[in-house]
Amino acid sequence: MEIPAPLSAARDVVDRVARRSPARLAVTVFASVIAVVTLLLWQPAATTSGERPTFVDALFTATSAVCVTGLTTVDTATYWSGYGQVVIAVAIKIGGLGVMTLASILGLAVSRRIGLTQRLLTASETKTTRLGEVGGLIRAVIVASVTLEVALALVLFPRFLTLGDGVGRSAWEAIFLSISIFNNAGFVIMPEGLAPYVGDWWMCLPIVVGTFVGAIGFPVILNVWIHRRQLRRVALHTKLTLATSGVLVVVGTVMIGAFEWFNERTFGALPVADRILASLVAGMTPRSSGFSTVDVGEMREATWFLTDALMFVGGGSASTAGGIKVTTLAVMLLAIVAESRGDRDVDVFRRRIDPTVLRLAVAVSFIGATLVGVATLLLLTMTDLTLDVILFEVISAFATCGLSTGITADLPDGAQLVLVALMFFGRTGTMTLAAALALRSRRRVVRLPEERPIIG
């Protein structure tokens, strides 16, 4: 079937931009979608009161939805009307698809330019996509995400029916929550939030599973599916992502459970089985989903600090999760181990990691820490809040996680705009930075003499 000329031309433009300037593509698309969603929410019909929301509230909510963060300045369930909630759900869906699709396109661009086929999407092993086949890549992402979201909705729908909601309301809550879960968005439209379901396995287990699947990334999902009969053949990126994510979830669950086990304001008053489930949810959601079944503001400071670290790492590359990504952490830890052993190469799973990947990991981590540091300083100067709550909120925005100690709505407009910028750069920054740095890689004909400065 011949493709119409306008569509063919549009596809060629996207291919050309993805190849020549993938960072510009990501930033432009996300900024444009945020602008449109802001205008849609900045209407009287978007609120239950019928009054026009403030521009900052509309912009903050739009950015949080498109960047699949979950931080809010107003209550999603009671402030926004049905129309407003539909706009938010569509924004989350577009934002989630945009993250996975654009990140995969960036990976293809990097792979074609410098030959690192394991960068973000294992194109050489899947044999399914080339740089020019952007349309096929987008279709694969859409099919995978919609399939998983439908599965989550089918699991949640009967649970909402048992709560006494009507069929229509139950279906809408199941659809909205399934989109929010898989895209790691953290938005809920139940007026009471998730607190009443702290011990509800039927409600919380889909959140845990959906968060994990959404946070590992499309390249991993695709790679596992292709090699489902011979899992030993999956790519190094897949192995690193699954192994590191699994370790972080276990460590987070055990340590947060230990810190909060006897805290009467969070886990302490719950039965043992409910404490275990609450620990599992609290250990999983820093991957970037932002759901919480207890009041984060009542957690111990040690739990906040641990959650800060987990949020900063985030999830997998080309996923709906934020942060510096689990493979970035894994590569740096492996480099430390190799250095401590005196090994010349960084080896894992019978593969050698290219030194340029380590340099890229260091650059992404440093830029992420710098953004967090600058934003923290700005908010400290704008408010009278303490460092612990400011740092928690800033990292949550940068990592597009959405967990909050409850200060977001009370921040001045200037501080909220800082978080808006941080959510935007947190979503597009690490992805575009990695591609931009990799695409700038070049070989020099003449190399200068080598000399080793003293480190440490």
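**Note on the salt bridges and overall build of the model**

1. The side chains of Arg 265 and Glu 298 meet in a salt bridge, with 3.4 Å from N to O. This pair joins distant parts of the chain, for Arg 265 sits in the loop between α11 (236-260) and α12 (272-284), while Glu 298 sits in the loop between α12 and α13 (301-313), 33 residues apart. The structure discussed here is a predicted model.

2. How exposed are the two partners, Arg 265 and Glu 298? Arg 265 has a relative accessible area of 53% and is therefore classed as exposed, since that class begins over 50%. Glu 298, with a relative accessible area of 29%, is partly exposed.

3. The count of salt bridges comes to four.

4. Glu 149 belongs to helix α7 (residues 134-162) and Lys 93 to helix α5 (residues 82-114), so that the pair links distant parts of the chain, 56 residues apart. Glu 149 is buried, with a relative accessible area of 6%. Lys 93 is also buried, at a relative accessible area of 15%, because the buried class covers values under 20%.

5. Another salt bridge connects Arg 159 with Asp 200, where the closest N and O atoms are 2.6 Å apart. Arg 159 lies in helix α7 and Asp 200 in the loop between α8 (167-182) and α9 (201-216), so this pair ties together parts that are 41 residues apart in sequence. Both Arg 159 and Asp 200 are buried.

6. The chain as a whole may now be considered. The protein chain contains 17 helices and two strands. Of its 456 residues, 53% are buried. Among contacts with a separation of 6 or more, 71% are between residues 24 or more positions apart. The chain exposes about 21000 Å², of which carbon and sulfur atoms supply 64%.

7. A further point concerns the second largest pocket, which holds about 670 Å³ of space. Which residues are the closest to the centre of this pocket? They are Thr 72, Gly 186, Val 188, Gly 290 and Gly 402, out of 32 residues that line the pocket. By class, the lining has 15 nonpolar, 14 polar and three charged residues.

Note on methods:
Residues numbered from 1 in each chain as written. Predicted model: local features only at pLDDT ≥ 70, side-chain atom pairs only at ≥ 80, totals over all residues. Heavy atoms only, no water. 1 Å grid on protein atoms, 1.4 Å probe; cavity = no way out; pocket = protein on both sides within 12 Å on 5 of 7 lines; lining within 4 Å. Points joined across faces, edges and corners; volume = space filled by probe spheres on them. Nonpolar A, V, L, I, M, F, W, Y, C, P; charged D, E, K, R; others polar. Helix = DSSP H or I, 4+ residues; strand = E, 2+ residues; numbered from the N terminus. Buried < 20%, exposed > 50% of the residue type's maximum accessible area, 1.4 Å probe, protein only. Contact = heavy atoms within 4.5 Å. Areas by Shrake-Rupley, 256 points an atom, 1.4 Å probe, with all protein chains shown as cover.
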